[in-house]
Amino acid sequence: QVQLVESGGGLVQAGGSLRLSCKFAVDAAFERSFSSYAMAWFRQAPGKEREFVGGISRTSDTYYADFVKGRFTISRENRKNTVALQMNSLKAADTAVYYCAADARWGIATQRGDYDYWGQGTQVTVSS
């Protein structure tokens with residue numbers, strides 16, 4: 001029904017920036033469009049649980065985990081069915097696989113189990 005494809009990951013030095021993008025696609029017969037979904041970014045480092053990074057609501061309100069506030073920014077472009085994660089001032093601790101997720105609700109959920117659809121993930125590696 002819904003497919004999410006992340007891109008933009010890679011290797012960057014500490015202090016650098018990366019911009020991740022997530023493309024949303026839906027079957028033609030599916031009623032809900034991209035604008036009907038809240039979107040979020042999660043990340044998972046080796047040996048750790050997947051954690052919430054930030055999210056953007058249907059109305060483009062945003063909410064971030066404390067560890068990325070002031071460094072990461074989420075935006076969405078409904079015309080292009082995309083959501084982006086701009087990451088600045090990257091740290092080695094930001095190294096993880098980053099996942100895009102979609103949920104059909106008004107607010108922004110922060111728990112992994114609240115999201116219905118997931119992308120395959122994109123690797124971000126920050127060298128110190």
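**Exercise 1.** In what order do the four strands of the open sheet stand, and with what pairing?

*Solution.* In this predicted model, reading across the open sheet gives the order β1-β3-β8-β7, and the pairing is antiparallel. The next step is to look at the ends of that order: β1 (2–7) and β7 (72–77) each have a single partner strand, so one side of each is left without a neighbour in the sheet. As for the geometry, neighbouring strands of this sheet are turned against each other by 15 degrees on average, with direction ignored.

**Exercise 2.** Determine over how many bridges β7 and β8 pair, and find the bridge partner of S75.

*Solution.* Strand β8 covers residues 82–87, and its antiparallel pairing with β7 runs over six bridges.

**Exercise 3.** Identify the disulfide, describe its geometry, and decide whether its cysteines are buried or exposed.

*Solution.* The criterion is that two cysteine sulfur atoms lie within 2.5 Å; the sulfur atoms of C22 and C100 are 2.1 Å apart, and these residues form a disulfide. The count by this rule is one. The angle about the S-S bond is -80 degrees, and the link of C22 and C100 is left-handed. Placing the two residues in the chain, C22 belongs to strand β3 (residues 18–26) and C100 to strand β9 (residues 96–103), so the pair ties together parts that are 78 residues apart in sequence. For the last step, the cut-off for buried is under 20% relative accessible area: C22 has 1% relative accessibility and therefore counts as buried, while C100, at 0%, counts as buried as well.

Notes:
Residues numbered from 1 in each chain as written. Predicted model: local features only at pLDDT ≥ 70, side-chain atom pairs only at ≥ 80, totals over all residues. Heavy atoms only, no water. Pairing = 2+ DSSP bridges. Axes fitted to C-alpha atoms, helices over the stretch in contact; angles between N-to-C directions. Buried < 20%, exposed > 50% of the residue type's maximum accessible area, 1.4 Å probe, protein only.
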